[in-house]
Amino acid sequence: MPADAIAAKLEKLKGDVSREWQSRIQSVRRVVQRVWQRETWAAFFLASLKALAVVALPFLVYVRASVSLYRHGANPWIAILISALLTVGIVSGFVILIARRFRGRARVPTVVKWAALPIVFTWCVYAAFYLSRVNVKSDSVRAYYSAVNPILRVALSTIVLVDPDLVVTDMGRVPKDYRRMRLPVNHRTMHYRQPDGWVHAVDLRTRGRGWIRNHVVQLYFWSMGFSTLRHVGTADHLHVQLATRP
């Protein structure tokens with residue numbers, strides 16, 4: 001066989017091998033890229049969950065501890081105060097851990113005085129006394145807010161943080177409200193002022209909010225120790241109530 005023919009065949013074979021390797025390299029690159037993207041998203045998702053847990057934990061502990069203390073006989077305001085002190089401890093611990101990670105050390109008194117106490121105090125006052133007008137069906141409903149048990153107010157303000165479109169459709173009632181709504185008068189409703197002087201129930205809008213959002217809100221209140229009931233009176237809504245103590 002002539003030398004030029006052999007050289008041509010070798011060149012062709014070299015080209016075929018090169019194309020085959022390029023194809024395999026591209027295939028490996030695509031696999032590596034998919035794995036890298038999957039791992040990156042997984043790491044981002046886990047980091048987001050950790051950040052969410054760190055942010056949400058103090059608020060959830062605040063609400064759950066308040067409910068538990070109230071159920072065990074504590075005055076609502078005392079329950080809130082003790083829960084706030086517990087929350088200060090949790091927030092201080094988080095701030096100290098973060099500070100030590102980035103700065104190497106953190107003075108506990110400084111953290112408590114300038115970070116934990118202002119954050120918790122501001123939140124406690126806001127949660128116990130304020131509910132935005134956009135989160136209430138009407139001003140007449142909002143007028144009852146100060147009559148609602150402080151424990152329930154704290155829980156409402158907390159869920160509004162993550163669900164700012166939540167709307168309270170009803171709080172306090174009197175018997176004539178049932179006649180106005182053309183419903184039988186309910187003498188056992190927690191929407192009335194209870195013997196302790198507080199209203200113990202609120203109704204939340206469910207219409208137009210989607211199945212997942214409504215069930216997440218219901219799960220939140222249930223996990224915090226409240227009774228919940230999805231039912232229809234004048235409209236589909238979620239009834240949330242704090243049981244009175246025996």
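Tutor: Let us begin with a definition: helices (H or I, at least four residues) and strands (E, at least two) are DSSP runs, numbered from the N terminus. The model is predicted, so local features need pLDDT of at least 70 and side-chain atom pairs count only at pLDDT 80 or more, while totals for chains, interfaces and linings use all residues. Residues are numbered from 1 along each chain as its sequence is written, and side-chain values use heavy atoms, with hydrogens and water left out. The chain has seven helices and four strands.

Student: What makes Trp77 count as partly exposed?

Tutor: Buried means under 20% relative accessible area, exposed over 50%, and partly exposed in between (1.4 Å probe, protein chains only). Trp77, which lies in helix 2 (residues 76–103), has 32% relative accessibility and therefore counts as partly exposed.

Student: Why is Val141 called buried?

Tutor: Val141 lies in helix 4 (residues 139–142). Its relative accessible area is 9%, so Val141 is buried.

Student: Which residues form a nonpolar patch on the surface?

Tutor: A patch is made of residues with over 30% relative accessible area and no salt bridge; like charges are joined within 9 Å, and nonpolar side chains (Val, Leu, Ile, Met, Phe, Trp, Tyr) within 5 Å. Trp77, Phe121, Val125 and Phe129 form such a patch, with about 430 Å² of accessible area together; areas come from the Shrake-Rupley method with a 1.4 Å probe, and for residues only the protein chains shown count as cover. Helix 3 (residues 108–129) gives the most to this patch, with three residues.

Student: What makes the contact between Arg209 and Asp163 a salt bridge?

Tutor: A salt bridge is a side-chain nitrogen of Lys or Arg within 4 Å of a carboxyl oxygen of Asp or Glu. The closest N and O atoms of Arg209 and Asp163 are 2.4 Å apart, and the pair forms a salt bridge. Arg209 lies in the loop between strand 2 (201–205) and helix 7, and Asp163 in the loop between helix 5 and strand 1 (168–170), so the pair ties together parts that are 46 residues apart in sequence. Both Arg209 and Asp163 are buried.

Student: How many salt bridges does this rule give?

Tutor: The count comes to eight. Among them is the bridge of Asp203 and Arg173, at 2.8 Å from N to O. This pair links distant parts of the chain, with Asp203 in strand 2 and Arg173 in the loop between strand 1 and helix 6 (175–180), 30 residues apart.
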